[in-house]
Amino acid sequence: ASIKEIYQEMKLVYMDRQVQKMLELYEQLRQRMGVVLVGPSGSGKTTVWKVLQAALNKMGTTIKFYTMNPKSMPREQLLGHIDIDTREWFDGVLTNSARIVVKEPLDTQSWIICDGDIDPEWIESLNSVLDDNRLLTMPNGERIQFGPNVNFVFETHDLSSASPATISRMGMIFLSEEDMDVKHLVQSWLASNVGESEIQSMSLWVEDYFFKAIEWLNTNTNTVDYVVQQSALGLARNGLSQLRDVSAK
């Protein structure tokens, strides 16, 4: 019931398959320190954990989350470093979040969201965190002990760069592009971005022109030269971004 309410509040289209993934995520988080959501861009990885987090908050469970993209920064900026001259320690993005979550009371759940490619350069440093020890050893020798109220959630499109040692420590949830429907994506976009007075005419235009254009692009992939290879959902999302403030066909 809470999940359905959050879907309505976020103006999303309710999908049984996606709710099933949320329940899987909930069960995995209760059993594992780290859970990885694997799927292509646009498959709903972020939506799954955001809706679950909002639903649990509505039910009275306090959940705080800290989002970062580990791949977007050097290892020193992520995990911290020691100044060579002064020997002073500087926390990184991840270690700073770790210090914050360990200070939270046990009845407050904390999720550290790592959104981006999984790279051995930084993920191997978390192996001791993801196993039963729940212990983060920093480059300066300091150790941070996580409680049972902390979880790591990873979002990535594949696990080709992760070692078996890392994969064996985490729970896996696979999302497929086939689980999502372009029409559901468009329906949600219209509800969020188009006024009530215009939504009927906009829906007709989308039905007449937009879907046909997307279908043509998907069936003529050999003749279309993409700069960056895109999924069907990514293509639809990019197309929708061009329809903002449109008032005539």
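Okay, a bit of bookkeeping before we start: Ala, Val, Leu, Ile, Met, Phe, Trp, Tyr, Cys and Pro count as nonpolar, Asp, Glu, Lys and Arg as charged, and the others, Gly among them, as polar. With that, the lining of the largest pocket comes out as 10 nonpolar, 15 polar and six charged residues.

What we have here is a predicted model, where local features need pLDDT of at least 70 and side-chain atom pairs count only at pLDDT 80 or more, while totals for chains, interfaces and linings use all residues. Residues are numbered from 1 along each chain as its sequence is written, and side-chain values use heavy atoms, with hydrogens and water left out.

So, the pocket. By that I mean an open set of points on a 1 Å grid over the protein atoms alone, where a 1.4 Å probe fits, with protein on both sides within 12 Å along at least five of seven lines; lining residues have an atom within 4 Å of a point. The largest one has a volume of about 640 Å³, a volume being the space filled by probe spheres set on the points. Its lining has 31 residues, and Gly42, Gly44, Thr46, Thr47 and Arg237 lie nearest the centre. Helix 9 gives the most, six residues, and helix 3, 45-58, and strand 8, 150-156, each supply at least two. Helices (H or I, at least four residues) and strands (E, at least two) are DSSP runs, numbered from the N terminus.

Now strand 8. How many of its residues are buried, meaning under 20% relative accessible area? Seven of the seven, so strand 8 is largely enclosed by the rest of the structure. Val150, Phe152, Phe154 and Thr156 point one way, and Asn151, Val153 and Glu155 the other.

Strands pair if DSSP finds at least two bridges between them. Strand 8 pairs in the parallel sense with strand 1, residues 34-38, over five bridges, and valine 38 has threonine 156 as its bridge partner. Strand 5, residues 108-115, also pairs with strand 8 in the parallel sense, over six bridges; there, isoleucine 112 is partnered with phenylalanine 152.

Last bit: rings. Rings of Phe, Tyr and Trp (its six-membered ring) pair if their centres lie within 6.5 Å; planes under 30 degrees apart are stacked, over 60 edge-to-face, the rest tilted. Phe152 and Phe154 turn up again here, in a cluster with Trp122 and Phe146 linked by ring pairs. The structure holds five aromatic pairs. In one, tryptophan 49 and phenylalanine 65 have ring centres 4.9 Å apart and planes at 70 degrees, so that pair is edge-to-face.

Methods:
Buried < 20%, exposed > 50% of the residue type's maximum accessible area, 1.4 Å probe, protein only.
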